[in-house]
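Hello,

Here is the structure I promised to pass on. Have a look at it first, and then read my notes below.

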Amino acid sequence: MATQAISLPPPKDDSSALEWIHRNLFDGWLNSVLTVGVVVSLVWFGGLVWRWAAAAHWDVVTRNMRLWLVGLLPLAYVWRAWWAGGLVLTAAAVTVVGVRARVRARTLGALWAGIVISVVWLFSAIRLDQIGGLYLTLVLALVSISASCPIGILVGIGRTSRLPVIRLFCTSYIEGVRGIPLITMLLWFSIFVSLLSGEAIPRVMRAMIGMTIFSSAYVGEIMRAGIQSVGRGQTEAARALGLAGWQAMLYIVLPQAFKNMIPALVGQFISLFKDTTLTVIIGLSDLLGVGRALLALPEYLHDVKEVYVFALVVFFIFSSAMSYGSRVLERRLGLGDR
Amino acid sequence: MPDVAAPIIVLEDVHKWFGRLHVLKGVSLQIRPGEVIVVAGPSGSGKSTMIRCINRLEAHDRGRIVVDGIELTDDLRHIDAVRSEVGIVFQSFNLFPHLTALENITLAPITVRKWPRPRAERAARELLAQVGIPEKAGTYPAQLSGGQQQRVAIARALAMQPKIMLFDEPTSALDPEMIQEVLDVMRGLARDMGMTMIVVTHEMGFAREVANRMVFIDEGVIIEEGAPEHFFTSPKEDRTKLFLSKILHQ
């Protein structure tokens, strides 16, 4: 008799929660000791933090919310900041929901274009140097991230160029900038601009330019690695079909490279976001700058812990939001690989 | 008969070096429209390099290559003109993994030929039907078998309506049971469409059946060429005999 091929369902895992705990947490004496040790220290540490947080003087945060958020922005302009922030937050929420619901990228792009135009209009009345606090942190990060992307792509492509002059220029730019700490770049650039043009360029603008120059080099290097991670056969196939070099780059290489680059790119952007605190050195008062200014007031002299814990939590929330976004993006773009 | 037609591909004393390595040592070959040429030879003999020179994925260093009246030089317009008339199928498929089968096929007609999307998609679906996988239009390459991927790659090359198709060991990366489905598509191209084809392959059964002419290359030189019936039964050169005895007695 011929044997018939029968597909069986996979064996079911019907172990109870207790069995799971036993298997994963108390599997032998070493694991049991580790489990108990970790739980005990977590509880002890959590209690410590909780007792401190309950007794801490949060006045420095709650009474000065406006300073933390927008710094010394004149009162007449504050509503513009609220509106801009509200619009961006709403758009971000809509995007997260929209991506889940697989809304077309074009629709979301149109939404963001509208938001960007409104935000630019809202900010058009405000002088850049009047911004401070979390707003300054976010504006610095957003502008330098968005500007370093296109520049980084150009530099990264230039570094793989066949033309020696372009390659040499891009390589020396990347290597030159990577050899300088960001804080040096900011100081040097600010002084350099002052010498040339006095106060013609606002300090916030100088910080943006300095951070963009700095970040573009790193983004360029990430781009180069991403571009080279796409096999030579891909370009060959595209060129053989008659696509021009730039078309092969745009339609074939970059989309695949971009997917490989997301983790490194987001890492770079998170670090750039946190590096905005270095602009204190050229006299800007970002989130951390506001904290330091508050600590100088007699009534808050002893609230050092509260100020820095609050700053830590804010930075942590924004950085983890970026990590989460990158994971979602990676999963979405992974479609072709499955 | 193709015999009277002027050659569509002319190679004259073509030389190619990779660094110090002399891979093509004066190759001359003429191919007439509608001819199917099968190129055989040991690995590293320069056969892939030769066909890659014909659409200038490699630039030859000496000699002349003329494709459909256009000489291949450093002039980019000539290269683009030739590339839009010559399709190539690679050993490793080289499908674009981030695009569906349909998008792989429509990309070049839309971006290079400026066809409107509906027209390109209609043509692409016809091509997918021609290579026998009309139901795979929305599938990504990673979800296709090797044989299906190679058939999409053939459809992708055909979408540009080339006069000449180059095949660079199209079945060497395939599992045995998938080789036939790809060879069947190639047979159809040769018989039903009268496509001019240069095929680098070790599939001697296919060669015997489809080729108008066999070309045997070793160490960068054409050792022997001729009709398959003579080539397989009474080869003139010793090196050809040695190669055939190795490859036919597997």
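A:Arg178 is partly exposed, at 34% relative accessibility; on this scale, buried means under 20% relative accessible area, exposed over 50% and partly exposed in between, with a 1.4 Å probe and protein chains only. This is a predicted model, in which local features need pLDDT of at least 70, side-chain atom pairs count only at pLDDT 80 or more, and totals for chains, interfaces and linings use all residues. Residues are numbered from 1 along each chain as its sequence is written, chains are lettered from A in the order in which they are written, and side-chain values use heavy atoms, leaving out hydrogens and water.

A:Arg178 forms a salt bridge with A:Glu175 (3.8 Å, N to O), that is, a side-chain nitrogen of Lys or Arg within 4 Å of a carboxyl oxygen of Asp or Glu. Both sit in helix H8 of chain A, 3 residues apart, about one turn of the helix. Helices (H or I, at least four residues) and strands (E, at least two) are DSSP runs, numbered from the N terminus. A:Glu175 is partly exposed too, at 37%.

In chain B, the side chains of B:Arg187 and B:Glu209 meet in a salt bridge at 3.0 Å, N to O. This pair links distant parts of the chain, helix H6 and helix H7, 22 residues apart. B:Arg187 is buried at 12%, whereas B:Glu209 is partly exposed at 42%.

Over all chains, the structure holds 25 salt bridges.

Happy exploring!
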